[in-house]
Amino acid sequence: MSTEKMKDLIDGRRTFAIISHPDAGKTTLTEKLLLLGGMIRSAGTVKAKKSGKYATSDWMEIEKQRGISVTSSVMQFSYSDHHINIVDTPGHQDFSEDTYRTLTAVDSAVMVIDGTKGIEEQTLKLFKVCRMRGIPILTFINKLDREGKDPLELLEEIEDVLEIESYPVTWPIGMGKRFQGTYDRFTKKIEIYRGNEDSFHVDFDGKEASDEVLQNVTPEYVEMLKDEISLLDEAGNDFSVEKVKAGELTPVFFGSAIANFGVQSFFDAFLNLTSPPQPRNSSIGEITPEYKDFSGFIFKIQANMNPAHRDRIAFVRVCSGKFERGMNVTLARTERKMKLAQSHQFLASSRETVDEAYPGDIIGLYDAGNYQIGDTIIGEGQVFKFEPLPKFPPELFAKVRVKNAMKHKHFEKGITQLVQEGAVQLYRTPYFNDLILGAVGELQFQVFEHRMKAEYNVDIEFSRMQHSIARWVDKKQLKDGMTDSRVLHVEDRDDHSVLLFENEFVFRLFQDKYPDVKLLNIFEV
Ligand code: GDP
């Protein structure tokens, strides 16, 4: 393939996640984006997945029971010369470490905020991971068709709670029953809201309202808009594309996903303001998407999509070169050579065989048990490893033991494999060797229990612990008397020391008492 053609393919690609708190409107927005791409005939395909109608015969039992997708899924579509990969981030009870890890595979994020609620807990958690990675984050404030918080208050909340600069690109004119549209500060156009009917645009320079403007926007609201625009221009942040690309400033858009209002203009701006697939650090330095050979890393392994065959799908983010089905690659960890014969891509509602893929794309590989989370795969003959995925501190902990001591061997084997796969985190207490599982979401424990039974025929017993905060610590800094049952010293599976704190109060007390002990929040494996 010519270098130019490859460059075009790379430049047109965008790979992003939508982060939000449950019910903010992520599914509705995703549907509308898929509609833009002509991907689904009727909106509702994505929704069906949530309500359980989507369940196909080969979903894991627990998914069927609950009508949810246990792990993040991927959607691909084309829109205006771009090839889009959206990686889903599950919420609620299905929140898990996979949700965090997914964010390591994207180049940008869309943050959906419910305009009636502001920033909620899960948005904050996911935002922090995006912030750590320094990727562009664009904000869509949703549900303008409902009476919500004051837009200025929402901006303040973004700046204070998330500690990121904001720049409203669009600005709402009224809200709820009196919602009339949004003003775009870049294009200097008002998009007129007409409920379920298609919106249209009228020009407005921010000063003189033309007849056309006055026909569509109440004069009183035009006056208000003028004041607000000049306030934003004078007192607001300056716009800077560099800051957006560095994840230091979030452009903000207002709209209503359900009415499909403001979605297209938001997405057009999104495509302009975000970058194509970026280079990744590796053991031999930066690997750019243009690097001559195929490379990628595994950020998720979804087990048991077909329980009859116990197959697993390893999700790969392509980082460089061209992927071709049937190609020979090297698994960097073991330096084993393998042929990638079974590969899939994911459309709105189905899984299809993929023959080729390019940097930024997410593909699924059939896995007979060879892969681990974080693995690098590269074109044959090369050996390097992408930098490790970060570990995310669990917030839920449980001691785990096998019910029937005779099954101890199976128990050990099951735990080792499931931990390797990244289903849960495992810790041991140094002297007694108690096993402690750590998770970021309740579902991880349920899936763990289910799989131990289904795949290893082992019944396990959990006893939930009070502890809720984990921090990695340098063992050399720990002295006698620093830890007790409320500040529990454990070791992770790589023998790094971790402190488990019972609650925020105990955590703060420890920090005050031992200010020199460095407590790490997120730890590179
Ligand atoms: P998710 O949990 O973030 O995926 O949220 P959903 O997309 O499922 O939306 C949650 C609820 O909010 C649903 O009942 C939607 O119909 C509703 N919703 C989504 N977007 C809007 C909107 O723009 N306006 C209003 N009024 N409701 C919305």
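Modeller: Helices here are DSSP runs of H or I with at least four residues, strands are E runs of at least two, and both are numbered from the N terminus. A residue is near a molecule if its C-beta atom, placed from the backbone, lies within 6 Å of it. This is a predicted model, where local features need pLDDT of at least 70, side-chain atom pairs count only at pLDDT 80 or more, and totals for chains, interfaces and linings use all residues. Residues are numbered from 1 along each chain as its sequence is written.

Colleague: OK, which helix gives the most to the shell around the ligand?

Modeller: Helix H2, residues 26-36, with three residues. The shell has 15 residues, and among those that come nearest are Lys26, Thr27 and Ile258.

Colleague: Switching topic: where does Ala259 lie?

Modeller: Ala259 is in the loop between strand E11 (249-254) and helix H11 (263-273).

Colleague: And why does Ala259 count as buried?

Modeller: Because Ala259 has 20 C-beta neighbours inside 10 Å. Buried means 20 or more other C-beta atoms within 10 Å of a residue's own, exposed means 12 or fewer, and partly exposed is in between, with C-beta atoms placed from the backbone.

Colleague: What about strand E31, how many of its residues are buried?

Modeller: Four of the five in E31 (residues 497-501). E31 pairs antiparallel with E29 (residues 469-473) over five bridges; strands pair if DSSP finds at least two bridges between them.

Colleague: Which residue in E31 is the bridge partner of Val473?

Modeller: That's Ser497. E30 (residues 487-492) is also joined to E31 by five bridges, running antiparallel, and Val490 stands opposite Val498.
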